[in-house]
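Morning, everyone. Please have a look at the model on the screen, and then we'll walk through a few parts of it.

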Amino acid sequence: MMTPQPVRGTQSLIGEEVDRFHAVIAAFNRVRRLFGFKRVEVPVIEHTEVFARSIGETTDVVSKEMYTFEDRGGESITLRPEFTAGICRAYLSEGWQQLAPLKLATYGPAFRYERPQKGRFRQFHQLDAEVIGSADAIADVELLSLGDQLLKELGIAEGVTLQLNTLGDAETRDAWRNALVEHFQAHRESLSEDSLVRLEKNPLRILDTKNPQERPIADAAPAIDEFLTPEASEFFAQVTEGLDAAGVKWTRNPRLVRGLDYYRHTAFEFVTDRLGAQGTVLAGGRYDGLIEALGGPHTPAVGWAAGIERLGMMIDKPEPERPFAVLVPVGEAAEKRAISILAELRSIGVSTDMAFRGNMKKRMSKASEAGAKYAVIFGDEELAKDMVQVKELETGVQRAVMIDTVFGLLRK
Ligand code: ATP
Ligand code: MG
């Protein structure tokens, strides 16, 4: 019989790969605590309309990439392709509004039906940070500083650039949009099928094209600057001044867009050239229109998401987890006694494992392979005298001690 195969685009991790994954999460948790971003949890599944309405029907995510199914009750359910929409749904349906402004953080799996390749999966994992209920540029600065410090904490800030843009306010964006439509209309005959559809529905998105033939047309498109209202310019200036004050390095990319309709003002991506085509490691922006799109009151908000797998691929190999001590009992009485010593060491917080297979040599090599600091060795004869040998594996220094003192010794 054939054994079951994994679903395409999913991963099962062990060893160094899973250590990388959790090193990213541990760094995220340290940094989000430093910045006062509170943990939240939201469901993996939502009603499909939560994503359709907030991400927008014309985006790739909603039109091509969602895992959507009818459940047994006939409701249309979707596995989350990202966190923001579900967090905003919860903000409205769970009364989180009363707690605003909120600085929130979460992480977990997200699902997109894409062509799997390096750094691109169908089940992937995101870190997510949001500031909801603040229209102040300080919120953008906080959020970007959090991303910046996370990359520093992970030791990968060197190879990563923060590309920053503004999409202006509604007035700015409409004027820019019209100018873009005019520009792309003039080059209609050179546009791909996909871009012609975008021209009708979401022309900003053409700026995002990866098609090499279209790239020059996109690069020649009018930049947003000449359309910025004084208010939008002022807001962007506050963000960039804040970033400078916080020591966050950035570069302006006047053609960077976030395709989603609800984005306003700040848009950004932390980009690396180390991951080939999958170069965006952390991305986000201000989405002042999203909560309204879900039927809520006007609520300014800004957020980002980062791919855990992509960050994990970039960091140095993390230290593997290792026990502090490994017990090496030799003989039947010793093996029996080892169980209670093991229990006692663990109960006082000393991470301890036991090597109880094979001869003495095998047991000792298990202890050193596990990377333990100490091996606690005891045979039946020693036990009769209430003694054990404690060997520091790195130095090879070994001494005999009374069992009673082992606990105090290893606890330190
Ligand atoms: P891309 O242009 O690479 O498709 P995106 O714009 O679709 O990215 P976002 O929706 O902004 O990505 O998601 C934020 C982050 O989540 C990305 O920067 C990336 O690190 C990660 N990410 C997105 N899709 C995937 C995926 N299929 N597999 C792995 N990581 C992903
Ligand atoms: Mg994508």
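Start with a pair: tyrosine 374 sits opposite glutamate 392 in β15. This is a predicted model, with pLDDT of at least 70 needed for local features and 80 or more for side-chain atom pairs, while totals for chains, interfaces and linings use all residues. Residues are numbered from 1 along each chain as written, chains are lettered from A and ligands numbered from 1 in written order, and side-chain values use heavy atoms, without hydrogens and water.

Strands here are DSSP runs of E, at least two residues; helices are H or I, at least four; both are numbered from the N terminus. Strands pair if DSSP finds at least two bridges between them. Strand β14, residues 374-379, runs antiparallel to β15, residues 387-392, and four bridges join them. β15 also pairs with β16, residues 398-402, antiparallel again, over five bridges. One example: glutamine 389 has alanine 400 in β16 as its bridge partner. β15 and β16 form a hairpin, with five residues between them. In that turn, glycine 396 has a positive phi of about 80 degrees.

Now helix α1, residues 16-34. Which residues of α1 are buried? Among them are Arg20, Phe21, Val24 and Ile25. Buried means under 20% relative accessible area, exposed over 50%, partly exposed in between, with a 1.4 Å probe and protein chains only. The cover over those buried residues includes β1, β5, β6, α5, β11 and α11. Contact means heavy atoms within 4.5 Å. After α1 comes glycine 36, with a positive phi near 75 degrees.
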